[in-house]
Amino acid sequence: LNTIETKHRGNIFSVKFLPHTNDSLIASGAADRDIYVYDVNKNININEIHAHHNRVKRLETAPDTPFLFWSCGEDGFVL
């Protein structure tokens with residue numbers, strides 16, 4: 001059990017563990033339009049993505065590809 005302090009400024013709608021990272025990296029998307037990637041073992045933010053123009057609603061990973069994920073936003077984009 002772990003608590004993660006995020007940089008999000010809105011409701012978090014989706015969180016995914018990134019594949020092939022031994023459950024150490026997670027990506028989160030939220031109402032603030034941002035995506036953050038955290039290292040849960042080191043308790044640090046390792047990447048920030050500010051690409052959507054509206055809320056990020058879903059994240060999905062590629063099971064065979066480490067560090068690859070898609071985000072779907074209310075702006076109509078899949079990135």
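Predicted model: local features only at pLDDT ≥ 70, side-chain atom pairs only at ≥ 80, totals over all residues.

**Entry 1: starting from a bridge**

I began at V37, whose bridge partner in β4 is N47. For the labels, helices (H or I, at least four residues) and strands (E, at least two) are DSSP runs, numbered from the N terminus. Two strands count as paired if DSSP finds at least two bridges between them.

Residues are numbered from 1 along each chain as its sequence is written, and side-chain values use heavy atoms, with hydrogens and water left out.

**Entry 2: the sheet**

I then followed β3 to both of its partners. β3 and β4 run antiparallel and are joined by five bridges. The two form a hairpin with four residues between them, and in the turn I found N43 with a positive phi of about 55°.

Put together, I have an open sheet of four strands in the order β1-β2-β3-β4, with antiparallel pairing. β1 (12-17) and β4 (44-49) each have a single partner strand at the edges, so one side of each is left without a neighbour in the sheet. On average, neighbouring strands of this sheet are turned by 20° against each other, direction ignored; the axes are lines fitted to C-alpha atoms, for helices over the stretch in contact, with angles from 0 to 180 degrees between N-to-C directions.

**Entry 3: β5 and β6**

Next I looked at β5 (residues 56-61), which runs antiparallel to β6 and is joined to it by five bridges. L59 stands opposite S71 in β6. I noted two faces on β6 (residues 69-73): F69, S71 and G73 are on the covered one, W70 and C72 on the uncovered one.

**Entry 4: the core**

Which residues make up the largest nonpolar core? I listed eight: L18, L25, A27, I35, V37, V56, L59 and F69. Such a core is a set of buried Ala, Val, Leu, Ile, Met, Phe, Trp, Tyr and Cys residues joined through side-chain atoms within 4.5 Å. Buried means under 20% relative accessible area, exposed over 50%, and partly exposed in between (1.4 Å probe, protein chains only). The elements giving two or more residues to this core are β2, β3 and β5. As a general reminder, nonpolar side chains tend to be buried together in soluble globular proteins.

I checked contacts (heavy atoms within 4.5 Å), leaving aside neighbours within four places in sequence. F69 touches L18, A27, I35, V37, I49, L59, E60, T61 and L79. T61 lies in β5 and is buried at 15% relative accessibility. Its contacts are K16, F17, L18, P19, L68, F69 and W70.

**Entry 5: rings**

I found one aromatic pair in the structure. The ring centres of Y36 and Y38 are 6.2 Å apart and the planes stand at 45°, so the pair is tilted. The cut-offs, for Phe, Tyr and Trp (its six-membered ring), are centres within 6.5 Å, with planes under 30 degrees apart counted as stacked, over 60 as edge-to-face and the rest as tilted. Y36 is buried with a relative accessible area of 3%, and Y38 is buried with 4%.

I also saw K57 over the face of F13, at 4.2 Å from the ring centre. This label needs NZ of Lys or CZ of Arg within 6 Å of the ring centre and within 35 degrees of the ring normal.

Beyond four places in sequence, H8 is in contact with S28, G29, A30, D32, D34 and Y36.

In the loop between β1 and β2 I marked N22, a non-glycine residue with a positive phi of about 55°. N22 is exposed, with a relative accessible area of 76%. D23 is found in the loop between β1 and β2, and its phi is near 55°, a positive value in a residue other than glycine.
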